[in-house]
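Open the model in your viewer and keep the selection panel at hand. The tour goes stop by stop.

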Amino acid sequence: MRHQPVISKLHAVCVRVPRLVFAIAASLPLILLLLLITGLLLGGGKVRAETADSCGGENLVTRLATTNPEALAKARAEAAAVPNGHGLFWKIEKPGLEPSYLLGTMHVTDPRVTRMPDAARTAFDTVDTVVIETVDILDPVKAQAAMMLKPELTMFTDGTTLTSLLNAEDAHLVEAELARRGIPLALVSRMKPWMIAGLVAQPACEIARKADGAEFLDMKIANDAKKAGKQLLGLESIGEQIEAMADLPMEFHVRGLVETIRLADLMPDIMTTMTELYLEGEIALIMPAILAAGPADAGEDVSGYAEFEERIVLVRNRLMAERAAPILDKGNALIAVGALHLPGQQGLVSLLEAAGYTLTQQQ
């Protein structure tokens, strides 16, 4: 059983900043995952040494079912009201075209995730074209070149440092957490906060698996497509993904970094909850469940989240739908993008339906 102080810590902060932390944990640009894999964000071997065991973590839904079933019921009702909030895999049809498919992914190496659903695997085997968010994840040289082309998107180039944006207490907090992970603050002091937050948001076991060469789902799908001789396309470039993150206010990024570090010990719980709900296809329940894990009488700071959702999720949804259309009009394609892009009135499922396609959820 978890110690009570840890549970109390979760209750104390989980409703205060979960949207920020959830945003960082669930929507990491693929460029960051690539950098983790190539070792560019790792500070030596300590991260690997810490993580021989599984990721662990407790599913917050399981906890709520026992400790606060009313809050869980409310969270489920909220999720049920989200259009297309359940399901990972959809068949896309249009008269006169061979069917295509849409798969929601999660950018993690968990073997349960990287094993696609049977129906998706069958569809993958039959299609001629596979589409992911960005094919740049297969080319570290290209990804690094994109960063070097506009270094101001990922690094401070004007003399600013991370600590210059933090008060003394927060600077100490950040430095201590990075040191615990074997990463000297000086090594990353000129990185933009969102890159460091993305590193901290992942449990150490996930970072270790990526560093040891384990493929996250999107990369596995892409590599399998190449091996099978299928056409492989992307809907975005790495540069576009970086720019999307860089467009958000610096205050948002700094606050997100600090609060993610405050929750660092609890990220396995958050990641476990996200992963297990993903595996169940309960995408719309992820956020309400995390919010419901906190006390009902606490306030929640949502400032900045609406801007994040618009720039990182909704704008990209519209761009993905626009760029997917000519591919779908040729038929026989599988599109695989982060599952958070699927639900909602402005999610990919709804946008593609509005564009004249018929989408049917598959088991």
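A charge counts as sitting over a ring if NZ of Lys or CZ of Arg is within 6 Å of the ring centre and within 35 degrees of the ring normal. Keep in mind that this is a predicted model.

**Charges over rings**

Select Lys94 and Tyr357. Lys94 lies over the ring face of Tyr357, 4.5 Å from the ring centre. Now go to Arg121 and Phe124. Here the charged end of Arg121 sits over the Phe124 ring, at 4.8 Å from its centre.

**The aromatic pair**

How many aromatic pairs does the count give? It comes to 1 aromatic pair. Select Phe89 and Tyr101 to see the rings: their centres are 5.5 Å apart and their planes at 10 degrees, so the pair is stacked. Colour the two strands next. Phe89 belongs to strand S1 (residues 89–93) and Tyr101 to strand S2 (residues 100–105), so the pair ties together parts 12 residues apart in sequence. Are these two residues buried or exposed? Phe89 is buried, and Tyr101 is buried too.

Zoom in on strand S3 (residues 129–132) and strand S5 (residues 333–338). They run parallel, joined by 4 bridges. Pick Thr129: opposite it, in S5, stands Ala333.

**Helix H19**

Select residues 305–328, which form helix H19. At 1.5 Å a residue, its 24 residues should span 34 Å; the end C-alpha atoms are 32 Å apart, which agrees. Look along H19 for the kink: about 30 degrees, centred on Arg311. Then show the side chains. The buried residues of H19 include Tyr305, Phe308, Ile312, Arg316, Asn317, Met320 and Leu328.

**Two asparagines with positive phi**

Step on to Asn332, in the loop between H19 and S5. Asn332 is not a glycine, yet its phi is positive, about 60 degrees. With a relative accessible area of 10%, Asn332 is buried, because buried means under 20%.

Last stop: Asn84. Where is Asn84 placed? Find it in the loop between helix H6 (69–80) and S1. Asn84 also has a positive phi of about 60 degrees without being a glycine.

Conventions: Residues are numbered from 1 along each chain as its sequence is written. This is a predicted model: local features need pLDDT of at least 70, side-chain atom pairs count only at pLDDT 80 or more; totals for chains, interfaces and linings use all residues. Side-chain values use heavy atoms; hydrogens and water are left out. Rings of Phe, Tyr and Trp (its six-membered ring) pair if their centres lie within 6.5 Å; planes under 30 degrees apart count as stacked, over 60 as edge-to-face and the rest as tilted. Buried means under 20% relative accessible area, exposed over 50%, partly exposed in between (1.4 Å probe, protein chains only). The expected span of a helix is 1.5 Å times one less than its number of residues. The bend at a residue is the angle between axes fitted to the seven residues ending there and the seven starting there. Two strands pair if DSSP finds at least two bridges between them.
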